[in-house]
Structures are given as C-alpha cells and as structure tokens.
Amino acid sequence: MRDPQVIVVGGGPAGLVLALLLSRSGIRVTVLEQAATFAREFRGELLQPGANRIFGDLNLREQILALGYVFPPGMDIRDGRKTIRFELPPVFDSRRGDGIMIVPQQKLLELLAAEASKRSNFRLVMGCFARELLRGEDCVCGVRAQLRSGEEMIVRAPLVIACDGRFSAIRRAAGIGVRESSVPFDLVWFSAFNPGTLPDRIHLRIARDQMFVAFASRSNQLQIGWFVHKGKYARLRARPFAETVSHIAAHVPVQLDRTVRQALKGWHDLSLLPAVSQVAETWSQPGLLLLGDAAHPMSPSMGQGINVAIYDAVAAAQRLVPAFAAGASLDEAARTIEKQRRPAIAATQRTQNIITGIMYALGPNATLKFASALIGLGVRTRWWPGCMKREADRLLWGDPRVRANHGPWALAGNKSASR
Ligand SMILES: Cc1cc2nc3c(=O)[nH]c(=O)nc-3n(C[C@H](O)[C@H](O)[C@H](O)COP(=O)(O)OP(=O)(O)OC[C@H]3O[C@@H](n4cnc5c(N)ncnc54)[C@H](O)[C@@H]3O)c2cc1C
C-alpha cells in the first residue's frame with residue numbers, strides 16, 4: 001500500500017470504527033496498536049442503543065448479534081434484605097429493536113479489524129507502540145513508533161488521529177494537557193467463571209457506602225465490579241488479601257460465593273480502574289486530531305465510554321471523508337469535529353458526574369430509593385419530567401444523535417474490495 005492518508009494510533013473502539021469508515025470510503029489508513037492481540041484487560045462492554053444502531057447502519061448487525069451477547073432484561077438491586085426489580089422495556093431488547101448489549105470488547109475489536117481488513121487500503125500493525133510525533137515546519141506529519149522486536153518504525157501521513165486511550169502518549173507528545181472533574185470513586189473489577197446459577201440480569205448490591213455489580217458478559221464469564229471510595233484500594237492492599245475476598249464474597253449474590261473465592265487467588269486477579277472524568281484542552285493541532293478517551297477520558301458511570309468513542313469516530317468520518325474527497329483543509333475539518341463533539345462530551349460528562357455526585361451525597365441507598373420512586377411514578381402515570389427524559393435520551397442515544405446511515409461506508413457495507 002502507498003503511504004497512508006491517515007494514521008490512527010490505537011486500535012480500540014474509536015480507532016477501529018474510524019478506520020473501518022475511512023477505509024470503506026477509499027481512504028488509505030494505517031492503524032498502529034501497541035498490543036499484540038485484542039485480548040485486552042477488561043474494558044467497557046456495554047453498547048447503548050445509539051452505538052448499536054450505528055453497527056446496524058454499517059451492516060454489521062448480524063455479526064454483532066452473533067458475538068455471543070447477553071441481553072440483561074432487567075436489574076435487581078438488593079439493599080439489605082430488600083430487592084428492587086427493574087424490567088427494561090422490550091424496545092431495549094437487541095433482538096427486537098436497537099437494544100442494549102454486552103459485547104466482549106475483544107470480539108468486537110476483532111470483528112471491526114476483520115471487516116476493515118477486507119480492503120487493501122487498510123493496514124493494521126499490531127505490537128506497535130507510537131512514541132513520538134514527527135513534525136514538519138508547522139504541523140504534525142507522522143509518527144515514530146517501536147515494534148515489539150525493538151525495531152523502529154516511521155510512518156508519515158497528512159493526518160494523525162490519536163485514539164490511544166485515557167493515557168494517550170500522543171496527547172502528551174503534543175503537549176496537550178487535560179482538565180479534570182473530580183470523581184469520588186474507583187472501580188475494582190474482575191472476571192470469573194459463570195457457574196450458570198445466576199439469573200441473567202444485572203445484579204447490584206448496596207452496603208452502606210459501597211456498591212457491587214455482577215452480570216454475565218458472555219456464555220461462560222461473569223463481570224464483577226466493586227465501587228470503592230477514591231484512594232481506598234491502596235489502604236485495602238495493606239490488609240490481608242483474604243479479607244478483601246471475604247468482603248467481596250459477602251456482597252455479591254449468594255450463588256457467587258464459591259465463584260469469587262475460586263477466581264481470586266491474589267491481588268493480580270483484581271484490576272483497578274481509577275475513575276476519571278477529563279477533557280483535553282484542545283483536540284486538534286495542525287495535522288493532529290484526538291478522539292475517544294484520548295480526547296476525553298470518561299468515567300465508567302452509566303457505561304458511556306465505548307459509546308461516545310464510537311460517536312466521535314462516526315462524527316469524524318462524516319467530516320473527514322468529504323474533506324479528503326474535495327481536497328479541502330483537514331485542519332479545518334478537525335476543528336469542526338472538535339466543535340461538534342466537545343459540547344456533546346461536556347453534557348455527557350456533566351450527567352455522569354451529577355448522577356455520581358447525587359449518589360455519593362445521598363448514599364447509593366437513598367439515591368436508588370429516590371430513583372425507583374421516580375421511575376415507578378413515571379411507569380404508572382406515563383409522565384416523565386422533561387429533564388429526566390432528556391438525560392436518559394443522552395445516555396442511551398447520544399446527544400446529538402449520531403447515525404452512520406449516510407456515507408460511502410454504508411453503501412460499501414458488505415462488499416469487500418479486491419486486494
Ligand atoms: C474497567 C473498565 C470498565 C469500563 N466500563 C465501561 C462500560 O461499562 N461502558 C462503557 O461504555 N465504557 C466503559 N469503560 C470505558 C471504555 O472502555 C473506554 O471509554 C473506551 O474503551 C474508550 O475507547 P477508545 O477507543 O477511545 O480507547 P481504548 O479503548 O482505551 O483504546 C485505546 C487503544 O490504544 C492502544 N494504545 C494506547 N497507547 C498506544 C500507543 N502509544 N501506540 C499504539 N497503541 C496505543 C491501546 O492498547 C488500546 O487498544 C470502562 C473502562 C474500563 C477500564
């Protein structure tokens with residue numbers, strides 16, 4: 001392949017959706033991914049209806065449904081001896097409508113990479129860590145990377161798009177700082193074998209100021225999370241590991257007691273996600289654009305991260321493809337993308353942080369009682385306060401809603417290009 005027109009750094013959801021759209025539109029794109037495979041540490045797996053519909057737009061619906069998704073029809077919230085049950089309306093069933101899905105990120109990324117690889121203008125380099133930006137007179141013009149073998153690789157292109165996640169090396173190399181809103185919790189996470197005894201729902205447990213969540217994420221795996229006060233995990237680690245295991249086992253549904261004890265043998269079995277809510281000071285410089293977590297590391301609250309990364313990618317392709325076709329300024333397109341997406345991200349982060357703030361001010365217990373009373377009232381009277389509708393809409397569909405049903409990528413759908 002000739003030199004790429006776009007270098008995408010990072011093969012996460014943002015990078016691969018973008019690369020797929022660009023390559024389907026005939027743009028030469030090279031993705032540099034530091035990991036050797038997509039079997040990554042646990043990442044977000046919740047696809048909201050808005051992201052799900054985008055995969056439908058891209059003719060990937062059947063493949064996504066075949067990934068072994070689990071549709072949780074509802075949520076059980078256990079508070080002491082009482083359990084509150086929420087049922088999701090059928091429209092959220094991904095088999096019927098756009099739905100909510102839990103999709104293993106590894107499989108999702110493998111699918112996206114396989115789709116993009118059908119085109120000869122797409123190149124994916126795995127095990128390739130992008131370290132530095134190459135600069136021309138007054139703009140970024142490529143990337144210096146290192147392969148696992150230690151060999152250096154230099155790639156040049158008129159546009160570098162950093163999709164390299166919350167710790168973005170490219171953002172740092174560009175000297176771009178982040179602004180931060182404080183998030184009062186961290187998330188401790190692990191996967192365990194699913195004994196198959198847990199009903200297929202999202203299980204939330206509340207114990208004073210702590211919250212535990214468990215759900216099936218694929219045929220034989222469970223995801224189990226524990227929201228801890230920021231900084232508390234370091235203190236926990238000073239105590240015997242067995243105490244932490246017993247604490248978790250005591251707070252997950254009773255069927256999982258043995259599962260938890262079998263899954264947790266040492267601290268290395270637990271992953272800590274320090275929750276952050278940040279936004280880069282700027283998302284673009286001449287020759288450079290930041291997207292996804294690289295531009296705005298998302299808090300895990302309300303499962304938004306993958307989804308907004310996908311909306312970013314689609315919104316970016318919608319500006320970049322016509323700019324390439326018309327030979328127009330890519331920098332102008334990058335600035336427009338930032339102008340379009342920045343308010344959407346600010347609004348989503350604000351919603352996430354307000355919900356988290358209320359939760360921590362009132363305690364999860366009182367918050368969930370209040371939320372369930374409000375939802376109960378809404379279901380009975382069919383009246384929803386406008387602000388609640390608006391916020392729910394934003395979390396489910398994105399605001400503004402982003403669709404990928406117009407553009408050369410949609411037409412290109414399932415056709416594979418000759419190599
Ligand atoms: C434990 C956990 C739970 C989460 N829960 C949810 C959830 O329920 N729902 C949700 O929507 N979101 C959730 N998130 C967040 C979600 O995973 C991220 O917001 C989303 O993956 C961001 O996508 P991205 O493509 O921007 O970045 P990432 O997914 O972070 O992808 C970045 C990619 O870039 C690669 N990379 C990094 N640096 C370099 C480099 N220098 N050179 C080359 N490659 C590089 C990385 O290996 C990675 O593949 C969670 C995250 C974590 C960690």
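A347, T348, T351 and I355 in helix α10 meet E391, R394 and L395 in helix α12, where contact means heavy atoms within 4.5 Å. These contact residues divide into three nonpolar, two polar and two charged. Ala, Val, Leu, Ile, Met, Phe, Trp, Tyr, Cys and Pro count as nonpolar, Asp, Glu, Lys and Arg as charged, and the others, Gly among them, as polar. The model is predicted, so local features need pLDDT of at least 70 and side-chain atom pairs count only at pLDDT 80 or more, while totals for chains, interfaces and linings use all residues. Residues are numbered from 1 along each chain as its sequence is written, and side-chain values use heavy atoms, with hydrogens and water left out.

Helix α10 covers residues 330-362 and helix α12 covers residues 386-397. Helices (H or I, at least four residues) and strands (E, at least two) are DSSP runs, numbered from the N terminus. The axes of α10 and α12 come within 10 Å and cross at roughly 115°. Axes are lines fitted to C-alpha atoms, for helices over the stretch in contact, with angles running from 0 to 180 degrees between N-to-C directions. The α10–α12 crossing is left-handed, meaning that the near helix is turned anticlockwise from the far one by less than a right angle.

A side-chain N or O atom of Q105 is 3.4 Å from a ligand oxygen. A polar side-chain atom of N307 lies 3.4 Å from an oxygen atom of the ligand. G303 contributes through its backbone, with an N or O atom 3.4 Å from a ligand oxygen. Taken alone, the ligand exposes 1,000 Å², and the protein buries 90% of that. Accessible areas come from the Shrake-Rupley method with a 1.4 Å probe.

Two backbone features lie in loops. D399 and P400 are joined by a cis peptide bond, with omega about 5°. P400 sits in the loop between α12 and α13 (408-412). N59 has a positive phi of about 60°, although it is not a glycine. The loop between α2 (49-57) and α3 (61-65) holds N59.

Note on methods:
A polar contact is a pair of N or O atoms within 3.5 Å; within protein, one must be able to donate a hydrogen and the other to accept it, and residues adjacent in sequence count only if both atoms are side-chain atoms.
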